[in-house]
Amino acid sequence: MLGTPDPELAATMGFSGFGKKARTFDLEAMFEQTRRTAVERSRKVLEAREREKEDKTEKEFRIPGTDSSVSASRATGSGSTLTEREAVCSESEDDSSEALSGPAVQSHSSAKGPAEDTDDDDDDDDDDDDGEFIGPPLPPGFKDSDDDNDNDDTEEEDNNPVKKIPDSHEITLQHGTKTVSALGLDPSGARLITGGYDYDVKFWDFAGMDASLQAFRSLQPCECHQIKSLQYSSTGDVILVVSGNSQAKVLDRDGFPVMECIKGDQYIVDMTNTKGHTAMLNSGCWHPKIKEEFLTCSNDGTVRTWDVNNEKKHKSIFKPRSVQGKRVIPTTCTYSRDGKLIAAGCQDGSIQIWDRNMSVHTKFHCRQAHASGTDTSCLTFSYDGMVLASRGGDDTLKIWDIRQFKKPLNSAEGLPSFFPMTDCCFSPDDKILVTGTSVKKGGGSGKLFFFYRDTFQKLYEIEVTDASVVRCLWHPKLNQIMVGTGNGLAKVYYDPVKSQRGAKLCVVKTKRKERQAETLTQDYIITPHALPMFREPRQRSTRKQLEKDRLDPMKSHKPEPPVAGAGRGGRVGTHGVTLSSYIVKNIALDKTDDSNPREAILRHAKEAEENPYWVAPAYAKTQPKTVFAEVEPEDDETDKPEWKKRKI
């Protein structure tokens with residue numbers, strides 16, 4: 001609606017108004033209307049639920065074997081009730097798609113009589129679609145064939161855990177030529193990181209890779225130190241890098257440094273008074289609940305916790321001790337699933353567990369867990385938090401109940417391990433334990449063994465490659481198994497049906513065509529502040545520039561073929577193109593004069609004397625008469641003795 005013209009505004013501004021007026025809204029009235037609508041919808045939903053409850057109670061108290069007329073009347077009544085409820089539900093659904101509706105009652109279909117069938121002809125199609133049966137009730141032992149197949153499949157998977165192992169397909173990622181000693185997957189399973197003895201850390205993005213399986217980034221975060229451990233934090237935004245030096249590093253998702261732990265003073269005897277590690281690191285991991293805290297262990301005989309926000313000093317320190325109370329080196333460390341316990345495997349074969357908040361005395365310990373003098377390469381807790389698995393350097397795999405920590409629940413032997421970081425891990429359902437074996441060069445294939453957790457029976461084995469299997473990782477979300485080997489490979493095992501995302505994303509993408517490197521026709525110099533008269537047009541694309549050069553008669557001129565024989569048209573012949581060829585040619589044609597050089601010089605003397613031209617006229621009056629030595633005949637050397645004869 002146009003506003004009334006204002007004469008003062010027209011006189012001052014030159015126009016009479018601003019056009020349409022702004023629309024005003026009454027927010028209180030709108031909120032009141034919304035509240036009433038919500039109350040009405042809730043009332044309808046509650047009424048529908050009450051009617052449904054009444055129908056259920058009526059069905060429960062229905063006496064079998066009653067008169068057919070009574071059953072027919074009840075069926076008719078229930079049908080009318082159902083029709084009423086369906087009408088109310090449909091009305092509420094029309095009002096709002098977010099309105100709740102009660103579960104559909106399918107039991108009334110078997111009790112429908114002919115009267116209800118005639119009344120509800122329009123609902124027959126819906127009943128057929130829902131799979132409802134019309135007629136007498138089914139016998140108690142009857143089962144649908146589809147249900148039988150589904151149940152059989154699930155029962156077969158439960159009875160045969162081997163079918164849960166996703167190993168039907170595999171892809172191979174080429175990390176390098178040396179051992180892949182570290183693997184890490186972020187919690188979502190989108191990125192994989194690999195580290196090795198070649199000091200490299202490579203980043204693999206499953207969603208961004210194609211079938212060529214190339215890493216999108218490679219770096220050396222710790223210079224010339226071997227990578228011992230890589231792990232994403234619980235949120236996946238930072239990465240812990242543990243290498244052969246004494247300082248752990250934290251990188252972000254793209255590989256840029258976030259923090260570096262401080263190095264301790266190696267001349268202080270009590271390790272409690274140092275701010276950081278003083279010797280080579282062995283292992284490290286993140287806290288499962290606190291995203292800023294991580295754990296490291298070192299050859300200085302300490303296990304330390306750190307805070308990402310404080311790189312100047314460790315957070316707390318734990319010192320493993322042997323039976324005699326002496327310092328012992330921890331070779332691996334880990335948190336429990338709830339983050340309340342810290343476990344460390346030591347070189348004397350012991351496993352020591354502390355309460356995270358009490359760093360002096362151990363809460364649990366087992367002195368004879370593995371053989372003394374061997375490196376316990378891995379400790380990992382089960383997902384339920386009650387069982388601890390240990391991979392020892394004495395070629396064993398053991399499983400422990402931390403509540404009864406004196407004796408292992410089960411043990412498997414004959415699993416060679418040559419690396420101080422050989423892994424073991426639990427399956428996502430916590431029923432299978434996985435570890436790899438090491439082999440010598442030319443001594444067979446490295447294998448991945450699967451053990452049943454309860455009985456430690458060997459369920460399955462996979463021959464990975466003709467080198468040792470060092471790292472293994474079974475991601476719970478992807479349901480894929482990552483394996484790091486001793487010959488520089490990182491393999492990913494997956495199943496197209498049981499697995500999710502991960503390797504399935506990149507194998508379906510075709511390889512990108514390699515673009516030919518287009519060389520510029522000429523060097524292009526960018527001078528942004530040059531005067532317009534000297535400024536060259538900016539080169540937009542190489543292809544367009546090549547097309548322009550093709551049209552230029554000078555740049556697209558075909559080179560002339562080399563001249564054969566004598567030169568022509570102002571061009572030098574073949575032999576005179578370079579200085580060296582010219583000299584060689586003249587030397588070859590030069591006829592050396594073997595005559596007497598004195599005679600060669602004086603042969604022009606008579607002519608110069610008779611017809612002086614250059615020097616002689618200037619000195620004609622003062623120049624004395626030239627006197628030359630007389631030529632003496634050469635003496636015959638035949639009469640001379642041998643010692644006087646000239647030696648040739």
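How many nonpolar, polar and charged residues does the lining of the largest pocket have, by class?

## Pockets

The lining of the largest pocket has 24 nonpolar, 16 polar and six charged residues; here Ala, Val, Leu, Ile, Met, Phe, Trp, Tyr, Cys and Pro count as nonpolar, Asp, Glu, Lys and Arg as charged, and the others, Gly among them, as polar. The model is predicted, with local features requiring pLDDT of at least 70 and side-chain atom pairs pLDDT 80 or more, whereas totals for chains, interfaces and linings use all residues. Residues are numbered from 1 along each chain as its sequence is written, and side-chain values use heavy atoms, with hydrogens and water left out.

The volume of the largest pocket is about 1,300 Å³. A pocket is an open set of points on a 1 Å grid over the protein atoms alone where a 1.4 Å probe fits, with protein on both sides within 12 Å along at least five of seven lines, and lining residues have an atom within 4 Å of a point. Gln231, Cys285, Arg337, Thr380 and Leu473 are the closest to the pocket centre among the 46 lining residues. Strands that each supply at least two lining residues include E6 (227-232), E10 (281-286), E14 (330-335) and E26 (469-475); strands (E, at least two residues) and helices (H or I, at least four) are DSSP runs numbered from the N terminus.

The second largest pocket holds about 690 Å³ of space. Of its 19 lining residues, Ala605, Ala608, Glu609, Ala616 and Thr626 are the closest to the centre. Helix H11 (residues 605-610) gives the most to this lining, with four residues.

## Nonpolar cores

The largest nonpolar core has 17 residues, of which Ile171, Leu173, Leu192, Phe206, Met209 and Met482 touch the most other members. Such a core is a set of buried Ala, Val, Leu, Ile, Met, Phe, Trp, Tyr and Cys residues joined through side-chain atoms within 4.5 Å. Leu192 touches residues including Leu173, Leu185, Phe206 and Met482, not counting residues up to four places away in sequence. A second, separate core of 14 residues includes Ile165, Ile432, Val464 and Val483.

Ser390 belongs to strand E19 (residues 387-391). The residue is buried, at a relative accessible area of 0%, where buried means under 20% with a 1.4 Å probe and protein chains only.

The Ser390 side chain makes a polar contact of 2.8 Å with that of His370 and another of 3.0 Å with that of Trp400. A polar contact is a pair of N or O atoms within 3.5 Å; within protein, one must be able to donate a hydrogen and the other to accept it, and residues adjacent in sequence count only if both atoms are side-chain atoms.

Definitions and conventions:
Buried means under 20% relative accessible area, exposed over 50%, partly exposed in between (1.4 Å probe, protein chains only). Contact means heavy atoms within 4.5 Å. Grid points are joined across faces, edges and corners, and a volume is the space filled by probe spheres set on the points.
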